[in-house]
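Please look at the sequence and the three-dimensional model side by side, and keep both in view while you read.

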Amino acid sequence: TLRKPISQSSMADWASKNLNMHTQGIFRRRISLSNMLSWNGGSIKKPMLITSNRTIKKEACEMFKLVQSYMGDRQTRMDRNHVALVTVTKCWSMQGLRDELYIQLIRQTTDNMCYRSLAWGWELMAISLAFFSPSPKFQSYLEGYIYRHLDSDESIAQHIKELVDLKNKKITKSRKKRKQNTEDEGLPISTYARYCYRKLQKVAVTGGKKGLRKPTVEEITHARNAIVTPSLFGSSLEEIMLRQQDMYPGNKLPWVQTQLSQQVLALGGEQTEGIFRIPGDIDEVNALKLQVDQWRIPSSLSDPNIPASLLKLWYRELEEPVIPQQFYKECISNYENPDAAVAVVQLLPELNRLVLCYLIHFLQIFAQPSNVGRTKMDVNNLAMVMAPNCLRCQSDDPRIIFENTRKEMSFLRMLIVHLDTSFIKGLV
C-alpha cells in the first residue's frame, strides 16, 4: 500500500529552506524557486542544495553535466552506461552528493519538453535508487515528487505539448521548423515512478549497496533491466513464479530458493561451523546475486556461507514475507503450542505453504544432532537467525518488537521440531 507523502506546500517549504538559490545576469538577480526546479539546458556554477563542503561544491557542478549527458541534453564521448557508472560511483563513494543528485534529477525531469530526455532522467533515478538512498531529511521530499507522477502520463504528455506550443510562439518561423521531440520514446513515466516509489521504500530501510567493491557496469545494466523485468530479489512469490514460468514451467517452488539451498548443501554447509550465523563476504554475495538474477549459478563457488547469506537475503527481501502479514498474530499467539503452530502452516496460501515447508525441511537437515556437532547451530540458533526472514513485526514500539522477536523465534523452533515435511523430498 502506498502511504500518502508530504503535501506540495510542505515540499515547497522544504525547498525554500534547503535550496542554494542561484543568481543570473550581470545584476546577479536571484532565480525564482520554480526556475530553480525546472529543466535547465545550461550548466550550474554552484550546487542545488546548501552545503559548506568544498569538495561537494565542486563535484556537484560536474555531476550536473553527467546528468545532462545521461539524459541526452549534453554531448559526451562516453556511452550512457559509463556515464551512469561514473555518476553512481561518485554518489556511492561520497554520501554528501546523494541528495544533490536526486534534486538535480528532480529539476531536469520538471518542465522537460523532450520525452526521451525526461524518460532517461527517470531511468537514472531508478538506477541510482538501486545503489543508495537519499538522506532521511530528503527522503520525504523525493517521495512526494515521485508520488505525484504515479498516474501522470496523460498530464505529462499534455504539459509537454503546452510547453512546446508556448516555446513555438516565442521563436521565429525559421526556427519553428525544427522538430520537437515529444513522441513517446521508451516506457511511460508512471512505470518509472511506480518502480522508483517501491525502490525508495526498500532502499530507505536497507541502505543500498554494501561492501568495498565499487559499482560495476554489470550492476548498472542489471539495475536498468530491473525496471522492466522484476528482480528475483525483492519481488513477491507470485511474481517470481510468473517469471520462471517460461524457463521452468513444471516447478512448484521458486528456482532461486531450491538452487541456493542445494548449493549450500553441495558445498558442505551442513558441516560448516556457524553456517547462517557467519555472513559470507559481502562483495562475493553481491556478485552471486547478480548471477542468480540472470538464472545462473557459477561453478566456481567454494564457500557455503556465500549462497547461505544470499538465501537469507532472498527470504528477507521478499515483498511480502513467506508467512503473510495476516497470519502474524496467529503465529506469535501459538509460539508455545506445537499443534497450533503446525495448524497455522496448513492455513497459508498454497505457494507460501510449499515455500515455508521447503525452508523448514532444509533447516531440519541442519538440526540433526550429527550436523549440530559440527556447525554449532542447534535448533534454537537456527530459529534465531531465520525467524526475522520469515516473519515481520509491523509495530514501531521497541518493547513490542523485542517481545515479539522472542515469540517469532519460538514459533519457528516449533515448526523445525514438529512440522512433518517429508512430502517435500524431491519437490522442485
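Predicted model: local features only at pLDDT ≥ 70, side-chain atom pairs only at ≥ 80, totals over all residues.

The expected span of a helix is 1.5 Å times one less than its number of residues, and helices themselves are DSSP runs of H or I with at least four residues, while strands are runs of E with at least two, numbered from the N terminus. Helix α7, residues 136–147, has 12 residues and reaches 17 Å from its first C-alpha to its last, which is close to the 16 Å expected at 1.5 Å a residue. Residues are numbered from 1 along each chain as its sequence is written, and side-chain values use heavy atoms, with hydrogens and water left out.

A residue is called buried when its relative accessible area is under 20%, exposed when it is over 50%, and partly exposed in between, using a 1.4 Å probe and protein chains only. In α7, the buried residues are F138, Q139, Y141, L142, E143, G144, Y145 and I146. Contact means heavy atoms within 4.5 Å, and the cover over the buried residues of α7 includes α1 (8–18), α5 (98–108), α6 (115–129) and α10 (189–206).

An α-helix has 3.6 residues a turn, so residues three or four places apart point the same way. At the N-terminal end, α17 is capped by N337, a side-chain oxygen of which lies 3.2 Å from the backbone nitrogen of D339. A polar contact is a pair of N or O atoms within 3.5 Å; within protein, one must be able to donate a hydrogen and the other to accept it, and residues adjacent in sequence count only if both atoms are side-chain atoms.

Now step back to the chain as a whole. It has 21 helices and two strands, and its C-alpha trace spans about 85 × 45 × 40 Å along its principal axes. Of the 428 residues of the chain, 49% count as buried. Among the contacts in the chain with a separation of 6 or more, 78% are between residues 24 or more positions apart.

How is the chain divided into domains? The domain assignment, which is automatic or comes from a database, gives domain 1 (8–167 + 188–228) and domain 2 (237–426). The centres of domain 1 and domain 2, taken over C-alpha atoms, are separated by 37 Å, and the contact takes 10 residues from domain 1 and nine residues from domain 2. Between them, domain 1 and domain 2 bury about 840 Å², with 48% of it on carbon and sulfur atoms; buried area here is the accessible area (1.4 Å probe) that two parts lose on being put together, summed over both. R198, R213 and H222 supply 53% of the area that domain 1 buries against domain 2, more than any other three residues.

Some single residues complete the tour. S235 is found in the loop between α11 (217–228) and α12 (237–243), and S235 is buried, with a relative accessible area of 4%. A polar atom of the S235 side chain lies 2.6 Å from the backbone oxygen of S231, and, not counting residues up to four places away in sequence, S235 touches P230, I240, E317, L318 and E319.

Most residues other than glycine have a negative phi. D111, however, has a positive phi of about 55° although it is not a glycine; D111 is in the loop between α5 and α6. F276, in the loop between α13 (255–266) and α14 (282–292), likewise has a positive phi, of about 75°. Is each of these two residues buried or partly exposed? D111 is partly exposed, with a relative accessible area of 33%, whereas F276 counts as buried at 2% relative accessibility.
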